[in-house]
Each structure stands twice: as structure tokens, then as C-alpha cells.
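Take a walk through this model, one element at a time. Start with a helix, then move to the core and the strands.

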Amino acid sequence: MDIKHALRRQVRAETDALDDGYIEESNNGIFFNVINMEQFTNANSLMIYYSIDREPDTLRIAETALSMGKTVAFPYCYLGGKMEARAVKALDELVPAMLKIPAPAKSSAYVSPDALDLIIVPALTYDKDGYRLGYGGGYYDRYLEKLSAFTIGIARDKLLCDALPREAHDIAVSCLVTESSIKIF
């Protein structure tokens with residue numbers, strides 16, 4: 001078993017063990033830190049992922065962005081690791097897609113990568129330098145390599161790592177937000 005696979009199992013176990021009260025507190029702190037960032041308030045368009053299970057909540061962030069009149073896109077994934085951004089006007093437009101995770105319909109408006117001002121990047125966890133431990137599909141690694149958008153990683157303080165293994169294709173986020181801090185790289 002490779003080291004990233006073992007780390008994914010470890011972080012999932014640590015996530016499952018977190019207290020529900022901490023999850024709620026952490027979600028609230030992350031939400032307020034993100035929506036009060038200048039990069040968020042100034043962004044006209046953003047891509048955000050649909051959080052599931054015990055991931056940091058992204059849906060309140062998306063709803064806030066929509067209420068501010070921003071273009072809000074979610075990933076639309078194809079088999080083989082290709083992904084693009086597709087905009088929605090409301091969260092109820094999202095439909096179960098790959099791995100049953102809600103995503104925009106294929107007919108939703110395409111958003112060019114260079115039209116995105118901000119991307120909130122999913123991960124199981126991040127390290128203190130903004131590198132992520134993803135889910136292993138490589139979708140975001142391939143997508144982010146062609147972008148200049150400001151990227152935000154969101155993570156819970158209790159799950160941060162000092163350092164994660166890195167490969168040549170790994171790209172750090174521009175900023176790491178937890179419930180207690182905002183660190184811009």
C-alpha cells in the first residue's frame with residue numbers, strides 16, 4: 001500500500017472520530033473566515049465543490065455567493081479524470097452524478113477556467129504549506145495546472161498535517177483556511 005493510500009485511510013478514520021459539536025463549530029468558523037476574505041468578496045465567479053459527509057461545509061458558502069449575485073460553478077466530471085466548471089443559479093439545480101455527488105446538469109452553462117476568479121479546492125486534508133491530500137482521482141491536479149485563479153483550501157484545524165508527501169504534479173493552494181486561521185502563501 002502506498003503512503004498516500006495509507007494516509008487517506010488514517011485521515012478518514014480521524015475525521016470519523018471527530019465530535020459532532022466540533023464539526024459544527026469548525027464549519028461555522030471556516031464559513032465566516034471564507035466569506036469575509038477580500039478574495040471572496042471581490043470575486044465575480046467561483047467554483048466550489050459540493051461537500052458530502054463530514055467534509056467542511058461548502059453549501060453555505062455557495063448559497064452566500066449566489067445571494068451576492070456571483071457566478072457559482074461546480075465541477076462537472078467526465079470519466080478519465082477530466083473536469084470542467086458549470087454554473088448554477090440555485091443549489092436545487094444540482095443532480096446526483098459521479099459517485100452520487102450532486103453536480104450541475106450537462107446542459108448547465110460552461111464556465112471557462114480563465115473566467116474563474118476563485119476556486120475552493122477539496123481535500124481530505126492539507127499540510128501547513130497548502131499542499132493537499134486529495135481523493136486520488138487526479139481531477140483537480142489536472143484542472144488546476146492550467147489556471148491562474150486564487151485557490152482556497154479549507155480544512156479543519158484538528159486534521160491539518162505538518163507535511164504531506166508531494167509529487168511533481170502537486171500544486172499548493174493560494175490560501176489555506178481553517179476555523180481559526182487564514183494563511184495566504
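Helix α1 covers residues 3-17, and its 15 residues should span 21 Å at 1.5 Å a residue; the end C-alpha atoms are 21 Å apart, which agrees. The expected span is 1.5 Å times one less than the number of residues. Helices (H or I, at least four residues) and strands (E, at least two) are DSSP runs, numbered from the N terminus.

This is a predicted model: local features need pLDDT of at least 70, side-chain atom pairs count only at pLDDT 80 or more, and totals for chains, interfaces and linings use all residues. Residues are numbered from 1 along each chain as its sequence is written, and side-chain values use heavy atoms, leaving out hydrogens and water.

Now look at how α1 sits. Lys4, Leu7, Arg8, Val11 and Thr15 are buried in α1 (buried means under 20% relative accessible area, exposed over 50%, partly exposed in between, with a 1.4 Å probe and protein chains only). Seen down the axis, the buried residues of α1 fall within an arc of 105°, so they line one face of the helix. The arc is that of the directions from the helix axis to the C-beta atoms. An α-helix has 3.6 residues a turn, so residues three or four places apart point the same way. On the other side of α1, Arg9, Asp16 and Ala17 are exposed. The cover over the buried residues of α1 includes β8 (125-126) and β9 (132-133).

Lys4 deserves a look. At 10% relative accessibility, Lys4 counts as buried. Its side chain makes a polar contact of 3.3 Å with that of Asp170 (a pair of N or O atoms within 3.5 Å; within protein, one must be able to donate a hydrogen and the other to accept it, and residues adjacent in sequence count only if both atoms are side-chain atoms).

Next, the core. In the largest nonpolar core, with 47 residues, Phe40, Met47, Ile119 and Ile152 touch the most other members. Such a core is a set of buried Ala, Val, Leu, Ile, Met, Phe, Trp, Tyr and Cys residues joined through side-chain atoms within 4.5 Å. Helix α4 (residues 59-67) gives the most to this core, five residues.

Finally, the strands. Six of the seven residues of β3 (residues 82-88) are buried, so this strand is largely enclosed by the rest of the structure. Seven bridges join β3 to β2 (residues 71-78), and the two run antiparallel. Strands pair if DSSP finds at least two bridges between them. Tyr78 stands opposite Lys82 in β3.

Notes. Contact = heavy atoms within 4.5 Å.
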